[in-house]
Amino acid sequence: MIEKRTFDELAHVNHDWLQARHHFSFGSYYDPARMGFGPIRVWNDDEIASQTGFPMHPHKDMEIITYVREGAITHRDSLGNEGRTEAGDVQVMSAGTGVRHSEYNLEDEQTRLFQIWIEPRAPGGDPRWDAKTFPKGDRTGQLEILASGFDEDVDNGALMIRADARLYGATLKAGTTVRHDITKGAHVYLVGSAGKLRINGELVLARDALAIRDVTSLEIEAVEDAELVFAEAFETQN
């Protein structure tokens with residue numbers, strides 16, 4: 001099953017300082033048919049105006065990943081963490097038993113990012129935050145694991161999350177092809193970040209999405225220079 005959802009189909013919420021597109025139900029947007037995709041609960045495509053952002057607010061029992069597409073975001077939280085994450089880089093926050101945080105665009109330009117929430121494998125745990133620079137040159141022509149709940153990936157440089165999931169990213173030159181074998185039982189949610197792709201025959205433009213289930217592999221072709229991100233997540237077995 002591959003279900004395509006174009007950028008134009010996403011729910012658009014205009015907050016003046018924030019132009020938010022929601023892939024799944026979130027905040028004032030509610031669609032009972034789109035409550036998430038397996039353990040992937042939220043995928044927001046946000047455009048944040050300069051010198052604005054999200055003030056301090058709480059979270060609990062959620063793995064929150066931020067992939068910055070353009071500009072930068074500055075994080076502060078109740079644990080005392082503070083950090084600035086630039087375009088192409090990633091930050092993660094395990095909300096655990098509870099944490100408050102703010103996310104501000106302190107730049108002189110608009111910031112664009114993907115905000116991704118994945119359900120943890122178990123509730124609780126100490127809240128934590130981390131961020132990492134992922135040079136785009138290191139993932140040119142290949143998939144790179146940016147965040148993962150599996151020790152072997154973290155040992156190889158991925159950011160750690162407490163979920164049975166991986167977040168992949170790639171930048172591809174026009175004409176490049178990449179194959180990815182999907183682990184049986186996984187929910188895969190893929191979003192084009194830039195350019196134009198063809199994935200298992202489906203044309204994917206920038207900010208289009210594919211929800212993928214019961215497919216054994218992905219055949220990814222860059223029709224033009226392109227960038228993509230996808231989450232591969234597994235239902236936790238209790």
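Let's start with Phe37, which counts as buried at 12% relative accessibility (buried is under 20% relative accessible area, exposed over 50%, partly exposed in between, with a 1.4 Å probe and protein chains only). This is a predicted model, where local features need pLDDT of at least 70 and side-chain atom pairs count only at pLDDT 80 or more, while totals for chains, interfaces and linings use all residues. Residues are numbered from 1 along each chain as its sequence is written, and side-chain values use heavy atoms, leaving out hydrogens and water.

Now for the rings: those of Phe, Tyr and Trp (its six-membered ring) pair if their centres lie within 6.5 Å, with planes under 30 degrees apart counted as stacked, over 60 as edge-to-face and the rest as tilted. That rule gives nine aromatic pairs. Take Phe37 and Tyr189: their ring centres are 6.2 Å apart and their planes sit at 55 degrees, so this pair is tilted. Phe37 is in the loop between strand E3 (18–22) and strand E4 (40–48), and Tyr189 is in strand E17 (residues 187–194), so the pair ties together parts 152 residues apart in sequence (strands, E, at least two residues, are DSSP runs numbered from the N terminus). Tyr189 is buried too, at 2%. Both rings belong to a cluster linked by ring pairs, along with Phe24, Trp43, Tyr67 and Phe114.

Next, Arg207, in the loop between strand E19 (202–205) and strand E20 (209–213). Arg207 is buried, at 9% relative accessibility. Its side chain makes a polar contact with the side chain of Glu47 at 2.8 Å (a pair of N or O atoms within 3.5 Å; within protein, one must be able to donate a hydrogen and the other to accept it, and residues adjacent in sequence count only if both atoms are side-chain atoms).

Notes
Helix = DSSP H or I, 4+ residues; strand = E, 2+ residues; numbered from the N terminus.
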